[in-house]
Structures are given as C-alpha cells and as structure tokens.
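Have the viewer open as you read.

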Amino acid sequence: MARVLVVEDDAAINDVVATRLARDGHEVTQAFSGSEARLLLGEGASFDVVVCDLMLPGATGEELVGLVRARQEGTPVVVISARTTAADKVELLRLGADDYLTKPFDLDELAARVEVQLRHRGSGGAPAVDVLRYRRWELNPDARTLVVVPGGQGEPGAEVPLTKIEFNILELLVRRPNKVFSKAELFELAWGEPFSGDDSTVSVHVSNIRAKLRATGTDDYVKTVWGMGFKLA
C-alpha cells in the first residue's frame, strides 16, 4: 500500500482525488492548506508520493516542493494546477517536481501518473486490492466486476454488467455501508466532476443499477433515504 499526501485547498477536489487514489489501494492523507502539509512533513511523516496544488494558503506549492526535496529527497511530487504556461511547468520541474498536470484534469490520468511515479521510485505500484464484500455482493475494484454470490447451495454466481459510473457508485456505497450519500456527493465522487445541481442524473443511474440487480434478488440493497440521498440497506 502506497502512502499518498494530497494537498489541495478546494475541499471538493481534494475529496475526489483522495477517493480515486484510495480506490487503487493507496493510504491517502489529506491536507487542505500549505501550512497543514508543512506541519505533516515537519513532523516526519513519510509519504511515497505527494500530489500538490500550487496556490495554497499558508505555504505555496513551490515551497512544499522544496520542503519535500529537502526532507524526503526520493519522494516524487505530482503538481496539479490551473497555471498552464510552459514557464510555470519548467520552473516547477526545475524546483524538483516530478510531474505536472493542469486543471481540469482526468482522475484516471492522475491515478496513472501516480502509478508511474511509484514504479519509478521502485515501490512497484499499489498491491492488488482485496475484493469488497457486502451481503451477497463481491466487488473487485481491480477487475471492476460485480458478482452476486448464490443464495442457495449449488447455484452459480452471477456477474452483473455495470458501466463505469454504475460501478463507481456501488463501490462508494460498499466502502462506507453506513453512510448516507447525498446526490451531490455521489455525483462528485463517481463522475469526478463538480455537481451540476441536476438530481435526476444520479437517480437515473441508481434506477439502472437496481434494474440490473433485479434478477439477482439484491436490488433492494440500495436504499433511498428520502430528502437526503442513498445508502446500503
């Protein structure tokens, strides 16, 4: 399991990035300001990779890159920033950043770049993720498959075909089975985008999931909490 520090003052982006990296099996620590990150690094916390914004309260991203280089020389730093000029990128790389991704960015691309840096560091990337189990569900985050195990002796397990977003929604629910997710939370975490305010998008996807699960008898596992969102029953 790789230890990742995510430094981003936009809480929504921070949470989305942390959730995506945790899905790959990483242990993620979140910092919401440059000063918070500097405190973590100053306390001697060791990380395998740092994902860092530039414009941060308390300490700039440039300062943090320098701090990582001074205290954890071999730790790769992936910068995420809205600054897009070639001069900005060159300066960050000169200071010691290992990679640079401009906002808005694709979460899968960020995850892939983190894996590349981990391989370069010699960690071999994240280990295989264990299968997630909830009642008769078995979710495999690596293979991105859902199998519903038999309800009786001798019955074969059934794999349920899911789209990328449908799998993301179920994975979020299974990882935190007692949490009520608002539609805004599910949208931002499953789509990796800011919530647009359209509740129907999430509702339609949940309805499609239930329809696919109906033949397995587990469609009632996803419970609607009226006025709030969704959780597992």
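How do the residues of the lining of the second largest pocket divide into nonpolar, polar and charged? There are seven nonpolar, two polar and eight charged, where Ala, Val, Leu, Ile, Met, Phe, Trp, Tyr, Cys and Pro count as nonpolar, Asp, Glu, Lys and Arg as charged, and the others, Gly among them, as polar.

## Ground rules

This is a predicted model, so local features need pLDDT of at least 70 and side-chain atom pairs pLDDT 80 or more, while totals for chains, interfaces and linings use all residues. Numbering runs from 1 along each chain as its sequence is written, and side-chain values use heavy atoms, with hydrogens and water left out.

## The two pockets

A pocket here is an open set of points on a 1 Å grid over the protein atoms alone, where a 1.4 Å probe fits, with protein on both sides within 12 Å along at least five of seven lines; lining residues have an atom within 4 Å of a point. Volume is the space filled by probe spheres set on the points, which are joined across faces, edges and corners.

The largest pocket holds about 450 Å³ of space. It has 24 lining residues, and Val-16, Phe-105, Leu-107, Gly-192 and Glu-193 are the closest to its centre. That lining splits into twelve nonpolar, three polar and nine charged residues.

Of its 17 lining residues, Asp-15, Thr-19, Leu-172, Arg-176 and Leu-189 sit closest to the centre. Again α1 supplies the largest share, seven residues, and α1, α6 and α7 each bring at least two.

Look for a cis peptide bond from Lys-103 to Pro-104, with omega near -5°. Pro-104 falls in the loop between β5 (99-102) and α5 (107-121).

Two arginines have positive phi: Arg-135, near 50°, and Arg-144, about 55°. Arg-135 lies in the loop between β6 (132-134) and β7 (137-140), and Arg-144 in the loop between β7 and β8 (145-148). At 53% relative accessible area Arg-135 is exposed, whereas Arg-144, at 31%, is partly exposed (buried is under 20%, exposed over 50%, partly exposed in between, with a 1.4 Å probe and protein chains only).

Methods: Helices (H or I, at least four residues) and strands (E, at least two) are DSSP runs, numbered from the N terminus.
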